[in-house]
Amino acid sequence: MSEERWSPDRWQGIATPFLAVDLPTLRRNLARAQALCDDRGLRLRPHVKTHKIPEIARLQVAAGARGLTLATVGEAECFAKAGFDDLFVAYPVLATDDLADRLRRLLDAATVILGVDSRDGIDALVRHGLADHPRLSVLVEVECGLRRTGVVPEEAGLLAAHATERGLRVGGVFTFPGQGYALGAGAPAAADEASALSRAADAFAAEGLPCEIRSGGATPSYEATDVEVVTETRPGVYAFQDAQQVALGTAGPDEVALAVITTVVSAPAPDRLVLDAGSKTLAADRPPYVNGHGVLLGVPGARIDRIWEHHGVVDVSGADPADVPAVGDRVAVLPNHVCTAINLADRVHVRDDGEVATWTVAARGQNG
Ligand SMILES: Cc1ncc(COP(=O)(O)O)c(C=O)c1O
């Protein structure tokens with residue numbers, strides 16, 4: 001694994017634990033994904049809940065991304081304030097008085113697409129007077145195997161007809177193939193996605209409605225997107241990659257653009273050392289296919305097997321003693337899931353050719 005990027009000498013003067021971003025790697029990831037989508041005629045609308053950082057969204061748009069995907073209206077407000085004007089909140093938004101006021105203000109600054117997956121959601125938008133806003137449209141969410149939000153594809157047409165009759169503009173459908181988060185499941189998830197979006201488009205046609213936008217995407221599956229069906233993809237993690245994607249085989253270790261820099265604060269027994277990064281830095285995501293709470297670089301055989309809020313306990317019994325760091329040493333850990341790790345940080349430190357800048361995680365906490 002190329003660890004030069006994360007060597008302590010390159011990140012001096014910043015108190016640990018902190019999130020370090022290698023900008024050349026990040027740029028390469030963005031360029032690669034964009035080229036892949038451009039070659040295939042697929043629109044890339046990155047999900048920016050991964051990073052919540054306008055500077056990174058600017059790089060994505062400069063690389064060729066068209067529009068941003070967000071998880072919440074609060075995130076959309078943050079990115080609109082930063083100047084982005086084509087926003088898709090890929091979530092079943094249920095309008096309330098407060099949310100409707102905020103949406104109206106948001107619509108002064110941006111074109112907004114909202115997810116809907118129920119008559120209740122559609123009716124709430126209409127009730128709050130948002131139906132005929134010229135900059136608002138909706139996409140009907142269908143499910144393609146994850147069994148989270150989204151109606152079954154065959155019901156998408158009736159929902160679209162209901163929204164259309166009530167004055168809402170319906171741009172098409174979207175789905176999230178999150179079942180691709182399992183070993184060997186990326187390509188099958190892309191096939192599920194295409195099948196669901198195609199069936200949903202047929203259901204629109206049965207109601208006499210066009211279904212121009214057919215949006216899918218997640219990092220483990222977007223490279224296998226069926227572009228005969230899918231018009232737009234929304235990966236988020238692809239920008240940084242993480243230990244989870246490495247375990248899934250979606251990314252190589254050299255493609256991971258973010259690491260947690262942490263200090264060994266204790267080595268109370270020969271088989272154990274303790275890092276100052278715990279669940280409040282690394283996050284607690286630990287899917288079954290990863291080995292521990294992140295990958296400790298430079299110590300083959302070591303495993304971060306227990307975490308508390310501010311402690312990461314590493315079992316080094318399987319490591320060569322020559323590789324085991326000492327108290328006071330700084331080491332780098334690839335977090336399992338970059339989205340949840342960034343969500344815990346106020347800022348990231350970004351290194352490009354010797355210069356280190358600090359970028360604020362501006363949309364942090366905008367969960368509603
Ligand atoms: C609706 C939706 N679209 C896109 C994404 C991005 O997928 P990934 O996190 O695999 O990059 C997510 C992630 O949770 C999502 O929920």
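So, domains first. In this predicted model, the protein splits into two of them: domain 1 covers 4-20 + 247-360, and domain 2 covers 85-235. If you take the C-alpha centres of domain 1 and domain 2, they lie 36 Å apart. Where the domains are in contact, domain 1 puts in 4 residues and domain 2 puts in 6 residues.

Okay, now the ligand. Where does the ligand sit? Have a look at the largest pocket, and there you'll find the ligand.

Who's around it? There are 14 residues around the ligand, and the ones that come nearest are Arg 148, Tyr 181, Thr 219, Gly 236 and Val 237. Sort that shell by class and you get 7 nonpolar, 4 polar and 3 charged residues.

Let's zoom in on some atoms. Tyr 181 has a side-chain N or O atom 2.5 Å from an oxygen atom of the ligand. Thr 219 also has one in its side chain, and there the distance to a ligand oxygen atom is 2.6 Å. Then there's Arg 234: one of its polar side-chain atoms lies 3.0 Å from a nitrogen atom of the ligand.

And how much of the ligand's exposed area does the protein bury? On its own, the ligand exposes 390 Å², and the protein buries 92% of that.

So that's the picture to take away: a ligand in the largest pocket, with 14 residues around it. Okay, over to you.

Methods
Residues are numbered from 1 along each chain as its sequence is written. This is a predicted model: local features need pLDDT of at least 70, side-chain atom pairs count only at pLDDT 80 or more; totals for chains, interfaces and linings use all residues. Side-chain values use heavy atoms; hydrogens and water are left out. A residue is near a molecule or strand if one of its heavy atoms lies within 4 Å of it. A polar contact is a pair of N or O atoms within 3.5 Å; within protein, one must be able to donate a hydrogen and the other to accept it, and residues adjacent in sequence count only if both atoms are side-chain atoms. Accessible areas come from the Shrake-Rupley method with a 1.4 Å probe; for residues, only the protein chains shown count as cover. On a 1 Å grid over the protein atoms alone, a cavity is a set of points where a 1.4 Å probe fits but cannot get out, and a pocket is an open set with protein on both sides within 12 Å along at least five of seven lines; lining residues have an atom within 4 Å of a point. A molecule sits in a cavity or pocket if more than half of its atoms lie within 2 Å of its grid points. Ala, Val, Leu, Ile, Met, Phe, Trp, Tyr, Cys and Pro count as nonpolar, Asp, Glu, Lys and Arg as charged, and the others, Gly among them, as polar. Domain bounds come from an automatic or database domain assignment. Contact means heavy atoms within 4.5 Å.
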